[in-house]
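Please look over the sequence and the structure shown below before reading on.

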Amino acid sequence: MGAPWEGEEARSHGQGSPEDPAWSGLGFLQSLQWVLCRVQLPHGPRCAGLGLLEACLGRGLQPGFPLRFDIYRKVPKDLTQPTYTGAIISICCCLFILFLFLSELTGFITTEVVNELYVDDPDKDSGGKIDVSLNISLPNLHCELVGLDIQDEMGRHEVGHIDNSMKIPLNNGAGCRFEGQFSINKVPGNFHVSTHSATAQPQNPDMTHVIHKLSFGDTLQVQNVHGAFNALGGADRLTSNPLASHDYILKIVPTVYEDKSGKQRYSYQYTVANKEYVAYSHTGRIIPAIWFRYDLSPITVKYTERRQPLYRFITTICAIIGGTFTVAGILDSCIFTASEAWKKIQLGKMH
């Protein structure tokens with residue numbers, strides 16, 4: 001006996017031609033049914049799988065069954081009509097999508113720096129200390145007269161600090177450049193450049209100066225962060241009164257910078273106000289000095305490097321493409337409908 005696909009019995013189980021993909025799947029199951037019904041199984045009837053196959057053939061796998069789930073039905077090209085307006089809108093739509101895509105891609109690749117404020121001491125492992133870096137030139141004061149004094153509200157009073165400091169003669173020894181690195185306590189206090197540590201006090205010390213650098217904590221060199229980490233850098237007081245004292249009032253703001261890997265660096269920004277004055281007491285004029293009086297702010301500024309998540313980038317691109325095509329389709333439909341209505345009016349067919 002021949003196989004069922006060779007006779008009328010095979011063709012009676014469904015509709016369609018043998019070239020139809022759905023018909024091919026149906027024919028395979030019918031062939032499997034024919035084989036099962038002709039094999040003697042060791043246990044049970046020889047058509048043991050016939051019920052299951054008949055259920056599949058009769059209820060689910062009808063010709064064209066998978067096509068019922070296609071929600072993107074295609075319209076034959078013969079039924080569509082291209083227009084010049086549609087072509088122009090399509091080109092503009094593609095260019096607009098390309099522009100937005102490149103903009104979003106640039107934003108996705110670029111690292112964003114987000115800042116936030118909170119009240120806390122960020123660097124608890126510092127032992128309550130802040131590192132200070134000072135670089136100042138006094139062109140009219142000898143190096144043997146220049147010294148650094150430090151005092152604060154915790155009782156610290158150090159005159160002539162020399163650790164990690166260096167004095168460089170200027171103007172053939174007539175001036176001095178002082179460079180030093182030291183630490184201060186996280187309490188209000190001051191440090192000042194003066195002649196207090198000199199063995200013999202000069203009569204008229206000239207405190208005109210140029211501040212090259214004054215920074216606190218680690219040095220941050222990040223392009224996306226524009227802070228006042230060296231607010232006094234470049235301060236020029238060469239034309240001021242030589243006998244005047246200079247007061248710089250500093251408000252230090254703790255700053256944390258966290259990169260993409262989670263590594264944190266601790267630095268400090270500061271604001272500054274200054275005044276210049278000649279001080280007197282009941283014994284006469286007071287020896288001038290350059291004072292840096294500081295206080296700490298309880299507010300901490302934190303900068304965090306972030307990159308846009310991939311899922312957000314994909315969602316934005318899908319929204320751009322879908323929204324642009326939707327708006328362009330509505331616009332094209334309105335223009336086409338209006339043009340067709342205008343043509344009918346011109347032809348006198350619209351009443």
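On the surface, Leu-98, Phe-101 and Leu-102 form a nonpolar patch with about 250 Å² of accessible area together. Patches are made of residues with over 30% relative accessible area and no salt bridge, where like charges are joined within 9 Å and nonpolar side chains (Val, Leu, Ile, Met, Phe, Trp, Tyr) within 5 Å; accessible areas come from the Shrake-Rupley method with a 1.4 Å probe, and for residues only the protein chains shown count as cover. This is a predicted model, in which local features need pLDDT of at least 70 and side-chain atom pairs count only at pLDDT 80 or more, whereas totals for chains, interfaces and linings use all residues. Residues are numbered from 1 along each chain as its sequence is written, and side-chain values use heavy atoms, with hydrogens and water left out.

Leu-102 belongs to helix 4, residues 84-109 (helices are DSSP runs of H or I with at least four residues, strands are runs of E with at least two, and both are numbered from the N terminus). With a relative accessibility of 44%, Leu-102 counts as partly exposed, a class that lies between buried, under 20% relative accessible area, and exposed, over 50%, with a 1.4 Å probe and protein chains only. Helix 4 has 26 residues and reaches 38 Å from its first C-alpha to its last, close to the 38 Å expected at 1.5 Å a residue; the expected span is 1.5 Å times one less than the number of residues. Its buried residues are Gly-86, Ile-89, Cys-93, Ile-97 and Phe-108, and they pack against helix 5 (310-347), contact meaning heavy atoms within 4.5 Å.

Helix 5, with 38 residues, reaches 55 Å between its end C-alpha atoms, close to the 56 Å expected. In helix 5 the buried residues are Phe-313, Ile-317, Ile-320, Thr-324 and Ala-328, which pack against helix 4 in turn. Just after helix 5, Gly-348 takes a positive phi of about 75°.

An unreviewed UniProt entry places the feature "transmembrane region" at residues 83-102 and 310-331; UniProt positions are given in the numbering used here, feature names are shortened, and annotations may be inferred rather than shown by experiment. In the model, residues 83-102 are 95% helix and 0% strand, with end C-alpha atoms 29 Å apart, while residues 310-331 are 100% helix and 0% strand, with end C-alpha atoms 32 Å apart.

**Salt bridges**

The whole structure holds six salt bridges, each a side-chain nitrogen of Lys or Arg within 4 Å of a carboxyl oxygen of Asp or Glu. The table includes some of them.

| Pair | N to O distance |
|---|---|
| Glu-158 and Arg-156 | 3.0 Å |
| Arg-293 and Asp-247 | 3.0 Å |
| Lys-343 and Glu-340 | 3.8 Å |

Arg-293 lies in strand 14 (residues 290-296) and Asp-247 in strand 10 (residues 245-258), so the pair ties together parts that are 46 residues apart in sequence. Arg-293 is partly exposed at 29%, whereas Asp-247 is buried at 3% relative accessibility. Lys-343 and Glu-340, being three residues apart in helix 5, are separated by about one helical turn.

**Two single residues**

Lys-186 lies in the loop between strand 6 (175-185) and strand 7 (189-194), and is buried, with a relative accessible area of 19%. Glu-116, in strand 1 (residues 112-119), is 184 residues from Thr-300 in sequence and 8.3 Å from it in space, C-alpha to C-alpha.
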